[in-house]
Number of protein chains: 2
Amino acid sequence: MGGVIGLDVGGANTKAVWREGDERRVLSRPFEVWRDREALAAVLREVVGSLGEPEAVALTMTAELSDAFRTKREGVNFVLDAAEAALAGTRLVVLNTVGELLDADSARERPSEIAAANWMASALAIAVHFPEALMIDVGGTTVDLIPIAGGDVVVRGRTDLARLMSGELVYTGVLRTNLAAIAAHVPVRGGWCPVASELFAISADAHLILGHIGTGEYACPTPDGRPATVEFARERVARLVCADVEQLGAAEIDAIAAYLYSEQLRLVEAAARDAGTQLTALAPVVPLGSGAFLAREVAERLGVGVRDLPWSEAERAVAPAAALAELAADRLRARC
Amino acid sequence: MGGVIGLDVGGANTKAVWREGDERRVLSRPFEVWRDREALAAVLREVVGSLGEPEAVALTMTAELSDAFRTKREGVNFVLDAAEAALAGTRLVVLNTVGELLDADSARERPSEIAAANWMASALAIAVHFPEALMIDVGGTTVDLIPIAGGDVVVRGRTDLARLMSGELVYTGVLRTNLAAIAAHVPVRGGWCPVASELFAISADAHLILGHIGTGEYACPTPDGRPATVEFARERVARLVCADVEQLGAAEIDAIAAYLYSEQLRLVEAAARDAGTQLTALAPVVPLGSGAFLAREVAERLGVGVRDLPWSEAERAVAPAAALAELAADRLRARC
């Protein structure tokens, strides 16, 4: 068969991976669906068109959670409409949270299974390579922790709500997370200071200051519209405690950033230990996502090894799209 | 002397009170300084012009904290420039955190004393009427807790940073606070659910659902741009746990709102008990602000009485501006 595309439509980014034989092409296109949802079909047309003419497109999404939509049902249908309009007859299959690839009509009948199914794509890809593993996909906004045992995906929750409650979805990430939502207090001059609940600084500012990401990896708008540099990131983090760079020195600000990272680590480590109870053995962590560095640090804390999928770094950063392309190619070929 | 205006320039609203003899006029004008800071002078001109031709304007601000400005110094100077441009020669005095009224040139010399001094205006007004009191001014975004003993304002902090650390400034309010910053977990179906750290719902949604405010008092934009009604507020609160109104019933959503209110109360009660240690006696609470209902509830929990300033409800809702008008009228008359 010819090329297939795995397409992961998020609320802030659309990610796509082209796969044809050994060839891969990866694309990540920032598009905030809540700003102009009507533009989605054009964005998808552009993304798919720039990769090639696929035989089939396999779709997953998290964009339906955006408040551009009143319900997930509305969001799922809207994204399906946009994809069908963009693809103009190219075969479309849609992943559900059970791991099946459905046609669009079947997908519309059960929107609750289609919403936020993208973690399942990555989990299925991992299960092929590592039958015992703990997937930790750290994205810009969220972390997916998925236990895989005996080659099966052994999750306790499948909807976002159930996954939040089971700890398999942790709503913290390395780019877009409001720092005010990571910790209620941060260390300042030997004491604790409550944070200002504004959107003054995001996790990308902390990770930029700490050297975990570079300016080029700061793949989202800055809260104050100023540059994604350490200097301006420090100004943003100072505002988190209603201060500025005349009141707080660089070392004082960097200590706040370091504390917030430790809080993110603590949160993900706790969720990983909890997810680990679903595993039968001491399984390795498979780190994915733009925040894979955080997943590796968690593996170290757990005292387990790290295994990487045999993909490029670019593919691992957009794991659900890469996995979906792999899955679609395998399943569609099997049916040919 | 003629009329004076007390002017409180916040980051999201500009509040003004006109005072001439027994006459009062109150104005609150939404203006988000980070959206278009260059428009501030025109807004101030319009606000002052619509109240009358004052003999003097007394200014205080919190807008300097906005990330429209790189530092508080820049913010203070920008607001002073805008006020001077708007007033075109009308006498301008500026409150500092010690309670003095300075001319603009003196104010520019010590921006750290001018930034976020508005709580001092209200505290001075209360001290005149109630020499022993705990002021609790609950605004849309923040709460000021100011102990007054022996007719003196006995605070432990004067800058925002010091006041956050002392607990005299609590960064939670009844309108604009991101619900994701109030609690890390909320109750869902007998368990706890971590919240999504997005800006899906704000405290105005919770208080609207709970009947603490009406649609007309929802004086800020909704996060999703949809109407400020209970129906839409429930949709926004459902999103806080990545759910929608097809997954969660009204009673389940209202339980989340009720829990978040209890968390706000707990936070303010704790700060009030702490501020109370500065008082020599069991002093009454003086509730102020658009969230005075919350301050009254805290007084009940503390087991102390409530005393109201002899002002209209409209004046109490914009207490720093009303207080500043009173203060300016008294001090400027004394010097005549």
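Predicted model: local features only at pLDDT ≥ 70, side-chain atom pairs only at ≥ 80, totals over all residues.
Let me start with the interface. If we ask how many residues of chain A are in contact with chain B, the count is 47, and they meet 47 residues of chain B. As general background, the size of an interface is often given as the accessible area lost when the parts come together. Here chain A and chain B bury about 3,900 Å² between them, and 56% of that area lies on carbon and sulfur atoms. Looking at the side of chain A, three residues, Asp67(A), Arg70(A) and Leu161(A), supply 19% of the area that chain A buries against chain B, which is more than any other three residues give.

Turning to the polar side of the interface, the rule finds 6 salt bridges across chain A and chain B, and it also finds 20 residue pairs in polar contact, with both residues at pLDDT 80 or more. On chain A, the elements that give two or more residues to the side touching chain B are helix 2 (72-87), helix 6 (160-166), strand 12 (191-194) and helix 8 (230-239). By residue class, that side of chain A divides into 24 nonpolar, 9 polar and 14 charged residues.

Now to the cysteines. A search of the whole structure finds 0 disulfides over all chains. Cys193(A), for instance, is in no disulfide, and the nearest cysteine sulfur, belonging to Cys242(A), is 7.4 Å away, whereas a disulfide would need the two sulfur atoms within 2.5 Å. In chain B, Cys242(B) is likewise in no disulfide, with the sulfur of Cys193(B) as the nearest one, at 7.4 Å. Is Cys193(A) buried or exposed? Cys193(A) is buried, because its relative accessible area is 0%, and Cys242(B), also at 0%, counts as buried.

Last, the backbone. Most residues other than glycine have a negative phi. Arg189(A), however, has a positive phi of about 50 degrees although it is not a glycine, and Arg189(A) sits in the loop between strand 11 (185-188) and strand 12 of chain A. With a relative accessible area of 53%, Arg189(A) is exposed. Arg189(B) also has a positive phi of about 50 degrees, lies in the loop between strand 11 (185-188) and strand 12 (191-194) of chain B, and counts as exposed at 53%.

Terms used. Residues numbered from 1 in each chain as written. Chains lettered and ligands numbered in written order. Heavy atoms only, no water. Buried < 20%, exposed > 50% of the residue type's maximum accessible area, 1.4 Å probe, protein only. Contact = heavy atoms within 4.5 Å. Buried area = accessible area lost by both parts, 1.4 Å probe. Salt bridge = Lys/Arg side-chain N within 4 Å of Asp/Glu carboxyl O. Polar contact = N/O pair within 3.5 Å; in protein donor to acceptor, adjacent residues only side chain to side chain. Helix = DSSP H or I, 4+ residues; strand = E, 2+ residues; numbered from the N terminus. Nonpolar A, V, L, I, M, F, W, Y, C, P; charged D, E, K, R; others polar.
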